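I set out to record what I looked up in this structure, entry by entry. The sequence and the model follow.

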Amino acid sequence: MSRAPEFISLSDAAVRAVSGAGSRHAALIEDAFGVLVETPGGGVSLSGEPRARAAAKRAVQAIAERADKGLEIGEADVRVAIGAARAGQQGPGLPSGRRGQVAPKTAAQARYLDALNQYELVFGLGPAGTGKTFLAVAHGAGLLMRGEVDRLIVSRPAVEAGERLGFLPGDLAEKVDPYMAPVWEALTDIMGADQFRRRREKGEIELAPIAFMRGRTLSHAYIIVDEAQNATRLQMKMVLTRIGEGARMVVTGDPSQIDLVNAADSGLAHAVGLLEGVEGVGIARFATEDVVRHPLVERIVRAYEADATRQRPKA
């Protein structure tokens, strides 16, 4: 295959955006795809292996499209473009939902998706509205629909804000479904209601409160542990050790939103502290600026963070 440079004709604004101050953006693209990026005038020249060059071209075109709309391009925008292009480079990526192709909207989301592709166990930490659960569900749904895993298992602590399952009417599914609503909505959005229902009836999609995971070995499955800040340390150790052959797990939660009576017993931050740096484990952290819901959500989160800071005892 030819490794001759490929020239992409771009506007001056797009060339400046792709290059970045001090060629910083171009360096990010080069490091990400193993290509050489040059700006000889009138566009961008890409050199490298054909597949890597094609992926880099997708990133360049995404950056150029934003620049030509008059949008300011920062390093975060470049990382988002790289993340989306990498997903295409690696083959079938995230599936399409009712609102179109699922893709990262922030640099943090792009790094999160990289971690989901790279590691067997990923922790997604951050405030509400950052997309950590939705993207985990989308990634798992894609694996299931492509046959890369046999089952998609969603687990969640059964106690929230002082409520206990035993006092709710119905069987296990009826008791747990209200807690799983955000996940079910995401799966319905991605798969469609009919496919979601069929796969759930066949046992390919399963809900399992953390308390019901004990004693199981989950092989060839994709496991989502949602709202994990409400799992105790013992529960967290138990669920993490359920991973079997060919399985992958993502654990999501917001360490600042603990509903347990004893917040110090939360297993999420404890597990991250123990496992960060362990081979096969990825950590993705989201911040307030990564909120992708209504802009008001970010302002609400910031207000609560400011109040928490004021309430902390001074040293």
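**Entry 1. Arg197.** I looked up Arg197 and found this residue partly exposed, because its relative accessible area is 42%; buried means under 20%, exposed over 50%, and partly exposed in between, with a 1.4 Å probe and protein chains only. Arg197 belongs to helix H8 (residues 193-201). Helices (H or I, at least four residues) and strands (E, at least two) are DSSP runs, numbered from the N terminus. I also noted that Arg197 and Leu187 lie ten residues apart in sequence and 9.9 Å apart in space, C-alpha to C-alpha.

**Entry 2. Basis of the values.** The model is predicted: local features need pLDDT of at least 70 and side-chain atom pairs count only at pLDDT 80 or more, whereas totals for chains, interfaces and linings use all residues. Residues are numbered from 1 along each chain as its sequence is written, and side-chain values use heavy atoms, with hydrogens and water left out.

**Entry 3. The six-stranded sheet.** I traced an open sheet of six strands with parallel pairing, in the order E8-E7-E9-E10-E6-E11; two strands pair if DSSP finds at least two bridges between them. Strand E8 (205-207) and strand E11 (281-285) are at the edges with a single partner strand each, so one side of each has no neighbour in the sheet. Neighbouring strands of this sheet are turned by 15° against each other on average, direction ignored. Axes are lines fitted to C-alpha atoms, for helices over the stretch in contact, and angles run from 0 to 180 degrees between N-to-C directions.

**Entry 4. Strand E9.** How many residues of E9 are buried? I found five of the five buried, so E9 is largely enclosed by the rest of the structure. On one side these are Ala221, Ile223 and Val225, and on the other Tyr222 and Ile224. In a regular strand the side chains alternate between the two faces of the sheet. Strand E7 (residues 151-155) pairs with E9 in the parallel sense over five bridges, and Val154 stands opposite Ile224. E9 and E10 also run parallel, joined by four bridges. In E10, Val250 is the bridge partner of Ile224, and Arg248 is that of Tyr222.

**Entry 5. Helices on the sheet.** Helix H9 (residues 233-240) has Met236, Met238, Val239 and Leu240 as its buried residues. Their cover includes strand E6 (121-125), strand E9 (221-225), strand E10 (248-253) and helix H10 (267-275); contact means heavy atoms within 4.5 Å. H9 lies across E6, E9 and E10 and runs at about 155° to E10. H10 packs on the sheet, touching E6, E10 and E11, and its direction makes about 130° with that of E6.

**Entry 6. H5 against H6.** I then checked the pair formed by H5 (residues 107-118) and helix H6 (residues 132-145). Their axes come within 11 Å and cross at roughly 40°. On the H5 side Gln109, Tyr112, Leu113, Leu116 and Asn117 meet Lys132, Leu135, Ala136 and His139 of H6. The buried residues of H5 include Tyr112, Leu113 and Leu116.

**Entry 7. The three-stranded sheet.** Another open sheet has three strands in the order E1-E3-E2, with antiparallel pairing. Strand E1 (6-9) and strand E2 (36-38) are at its edges, each with a single partner strand, so one side of each is left without a neighbour in the sheet. E1 and strand E3 (residues 43-47) are joined by four bridges, and Gly43 is the bridge partner of Ser9.

Definitions and conventions: The expected span of a helix is 1.5 Å times one less than its number of residues.
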